[in-house]
Amino acid sequence: MHRVVISGIGVEIPQASITNEELVASFNAWVDAENPRRAAAGEAPLQKSDADFIVHASGVRQRHVVEREGILDPARMAPRIPARADEELSLQAEFGIAAARKALAHAGRAPRDIDMVICSSSHLQRPYPAIAIEMQQALGTQGAGFDMGLGCSSAAAALHVAANLVRAGAQKRVLVVVPEIITGHLNFRDRQTHFIFGDAAVSMVVEALDEGETRAGRFEVLDTRTWTQMSSNIRTNLGYLTRTALDDPYMIGLEGNMIKQVGNKVFKEVTVAGHRFIVDFLAEHGLTPEGIRRFWLHQANARMNSMILKLAFGHDVDHDRAPMVLDRLGNTAGAGSIIALSENHADMKPGDFGLLCAFGAGYSIGGALLRMM
Ligand code: COA
């Protein structure tokens, strides 16, 4: 068995951003245009969205996106992402590679040092060829690549797989890439969800340590965990069978099949499951929450994170213990907790413990117990 280290982390944030006020103005312009038609058809009017509600309910103030104008156009309300030829690099591979190059540079590794690429994302641009294989070719890494996904726990689940492959000696160095272009799958005409997500890509180099080797300033991966329990409270039905049911009375069109969630149920149920996961995982290692210098939690909802930690600790915990990036990035699905980790560890001392914990659709939870070297 080998000891395992996260030797490099890379983060890619798209330049374009959208504030709550801009998003709400576009949504409400669409509601104003749509309601006369609804009234004429005898349908109930749509309710307007509200920037103050968004910040109070979720903590999100703005999000970064791969394309802004199409989202804000009330006549479109979806990013405009031109199709590319098969010979060109796909957008998802390109986005992931930008983060991967930063992770490789941070690790001091060349692409040829990598013997596996795992692309893990809550949404994949296509089923095959795997996005990971496209990245493998474009980067020039060795060995093999494959895609996987576990909703917002996608990065944590990929770290679980990568760390155990490396620990067992099956691979020497795995490049985990998590390109989340979640605005491509978001229904910007749904008041309940239009404000939640943003785009971001992250990457990690996960590698074996030689006997007695240490990597100062990097995290040893002591253990990883995943947990799942079926729930339809966060769900997408859009998939390769969608077109086969277009004449079915239950079929509700493209937008009706996109991400939907019963936010308040998710909030309650995942808060309970999340804090139990943290307490139990730490207990297996003889640790309590007080013994953990930093928590990098999934970045979905500021109030939810506070509550998870309050249940785990028995008292309130500040942002130094559990940093937040969702206020400026929104929920970046699998990428969120890794961005929090990347931005908030330079002050940690050798021997300090950190806990990565992501949660979301499935339900799913993924965690990693890390120790600063
Ligand atoms: N603008 C104004 N009002 C809105 C609104 C919007 N954009 N969206 C919903 N509302 C209204 C609702 O219609 C409801 O009105 P009502 O009381 O008249 O019925 C009210 O606000 C409260 O809605 P609710 O859904 O209970 O809000 P909430 O406090 O639970 O916050 C979320 C909503 C989505 C921010 C929150 O539930 C959440 O973040 N949940 C967890 C999500 C998560 O972790 N997902 C996993 C990762 S993907």
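## Terms and basis of the model

For a pair of packed elements, angles under 35 degrees count as roughly parallel, over 145 as roughly antiparallel, 65 to 115 as roughly perpendicular, and the rest as oblique. The axes are lines fitted to C-alpha atoms, for helices over the stretch in contact, and the angles run from 0 to 180 degrees between N-to-C directions. Helices are DSSP runs (H or I, at least four residues), numbered from the N terminus.

This is a predicted model, in which local features need pLDDT of at least 70 and side-chain atom pairs count only at pLDDT 80 or more, whereas totals for chains, interfaces and linings use all residues. Residues are numbered from 1 along each chain as its sequence is written, and side-chain values use heavy atoms, with hydrogens and water left out.

## Helices α4 and α5

Helix α4, residues 91-107, and helix α5, residues 131-139, have axes that come within 10 Å and cross at roughly 55°; α4 and α5 are therefore oblique to each other.

On the α4 side, Gln-92, Ala-93, Gly-96, Ile-97, Ala-100, Arg-101 and Leu-104 meet Ile-131, Glu-134, Met-135, Ala-138 and Leu-139 of α5, where contact means heavy atoms within 4.5 Å. Sorted by class, this contact has eight nonpolar, two polar and two charged residues (Ala, Val, Leu, Ile, Met, Phe, Trp, Tyr, Cys and Pro count as nonpolar, Asp, Glu, Lys and Arg as charged, and the others, Gly among them, as polar). Glu-134, found in helix α5, is buried, with a relative accessible area of 14% (buried means under 20% relative accessible area, exposed over 50%, and partly exposed in between, with a 1.4 Å probe and protein chains only). Not counting residues up to four places away in sequence, Glu-134 touches Glu-88, Leu-89, Ser-90, Ala-93 and Arg-126.

## Helices α8 and α9

Helix α8, residues 263-284, packs with helix α9, residues 302-313, at an angle of about 40° and with the axes 9 Å apart, and that makes α8 oblique to α9. The crossing in which α8 passes α9 is right-handed.

In this contact Val-266, Phe-267, Val-270, Thr-271, Gly-274, His-275, Ile-278 and Val-279 of α8 meet Arg-303, Met-304, Met-307, Ile-308, Leu-311 and Ala-312 of α9, and by class there are 10 nonpolar, three polar and one charged residues. Thr-271, located in helix α8, counts as buried at 3% relative accessibility. When residues up to four places away in sequence are not counted, Thr-271 touches Val-266, Met-304, Met-307, Ile-308 and Leu-311.

## Aromatic pairs

The structure holds five aromatic pairs (rings of Phe, Tyr and Trp, the last by its six-membered ring, pair if their centres lie within 6.5 Å; planes under 30 degrees apart count as stacked, over 60 as edge-to-face and the rest as tilted). One of them is the edge-to-face pair of Phe-27 and Trp-30, at 5.9 Å centre to centre and 65° between the planes. Both residues, Phe-27 and Trp-30, lie in helix α1 (residues 20-40), three residues apart, about one turn of the helix, and both are buried.

The rings of Phe-277 and Phe-281 have centres 5.9 Å apart and planes at 50°, so this pair is tilted. Phe-277 and Phe-281 both lie in helix α8, four residues apart, about one turn of the helix. Phe-277 counts as buried at 9% relative accessibility, and Phe-281 is buried with a relative accessible area of 2%.

Note on methods. Helix = DSSP H or I, 4+ residues; strand = E, 2+ residues; numbered from the N terminus. Left-handed = near helix turned anticlockwise from the far one by under 90°.
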